[in-house]
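Hello,

Here is the structure I promised to pass on to you. Have a look at it first, and then read on for what turned up in it.

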Amino acid sequence: MNRRTTTLSAAVALAAALALTGCSSSSDGSAGSTDGKPKLEVSGAYMPQPVMDMAGGFLTIKNAGGTADKLTSVTSPVSDDVTIHETKNQKMQKVDSFDIPANGTLSLERGGNHIMFMELKKTLKQGEKVSIELHFEKSDPIKVDLPVEAPNHNPRQH
């Protein structure tokens with residue numbers, strides 16, 4: 001009787017483990033979303049050519065992971081003063097972080113949230129690239145090159 005109880009307990013534990021494994025997979029089936037970590041990918045990065053000694057940076061961060069993250073800071077060799085700003089009621093203000101939702105997107109775009117580069121160390125021209133490093137609450141830093149585009153460049157977001 002004791003052996004049968006042990007076998008039954010093992011079978012129940014195995015069934016429970018299999019059921020829990022099935023529950024942790026995401027509904028969209030995206031790779032990496034079951035490991036409990038953010039899975040970040042950057043696209044659409046650019047900087048309009050600065051007209052003064054400051055500039056804005058824009059990009060999209062997609063999180064295909066099942067855990068939210070936060071963009072906490074940005075660094076770049078072109079400026080010692082790089083901050084992240086939100087735009088509310090047509091006013092921009094510095095923020096400490098931006099949320100990147102699980103299985104979601106953070107869009108930094110003209111007229112909205114963006115990266116702000118103050119006191120540029122050199123004049124940047126269209127066709128050049130600006131190196132930046134994005135820092136996150138949970139994920140490792142990501143290095144990105146922002147192509148410098150025309151001052152009026154504004155790609156259509158989909």
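A word on confidence to begin with: this is a predicted model, and the average pLDDT of the chain is 82, with 76% of the residues scoring at least 70. Please take care with residues 4–34, where pLDDT stays under 50. The model has 17 contacts beyond four places in sequence for that stretch. Where pLDDT is low, the predicted coordinates should not be read in detail.

Now for the overall layout. You will find 1 helix and 10 strands in the chain. Among contacts with a separation of 6 or more, 69% join residues 24 or more positions apart.

As for the surface, 34% of the 158 residues count as buried. The chain exposes about 10,000 Å², and 51% of that comes from carbon and sulfur atoms.

Most residues other than glycine have a negative phi. Asn103, however, has a positive phi, near 50°. Asn103 sits in the loop between β6 (98–100) and β7 (104–108), and it counts as partly exposed because its relative accessibility is 41%.

Glu119 also has a positive phi, near 50°. Its place is the loop between β8 (114–118) and β9 (129–136).

Enjoy exploring it!

Best wishes

Conventions
Residues numbered from 1 in each chain as written. Predicted model: local features only at pLDDT ≥ 70, side-chain atom pairs only at ≥ 80, totals over all residues. Heavy atoms only, no water. Helix = DSSP H or I, 4+ residues; strand = E, 2+ residues; numbered from the N terminus. Buried < 20%, exposed > 50% of the residue type's maximum accessible area, 1.4 Å probe, protein only. Contact = heavy atoms within 4.5 Å. Areas by Shrake-Rupley, 256 points an atom, 1.4 Å probe, with all protein chains shown as cover. pLDDT = per-residue confidence, 0-100.
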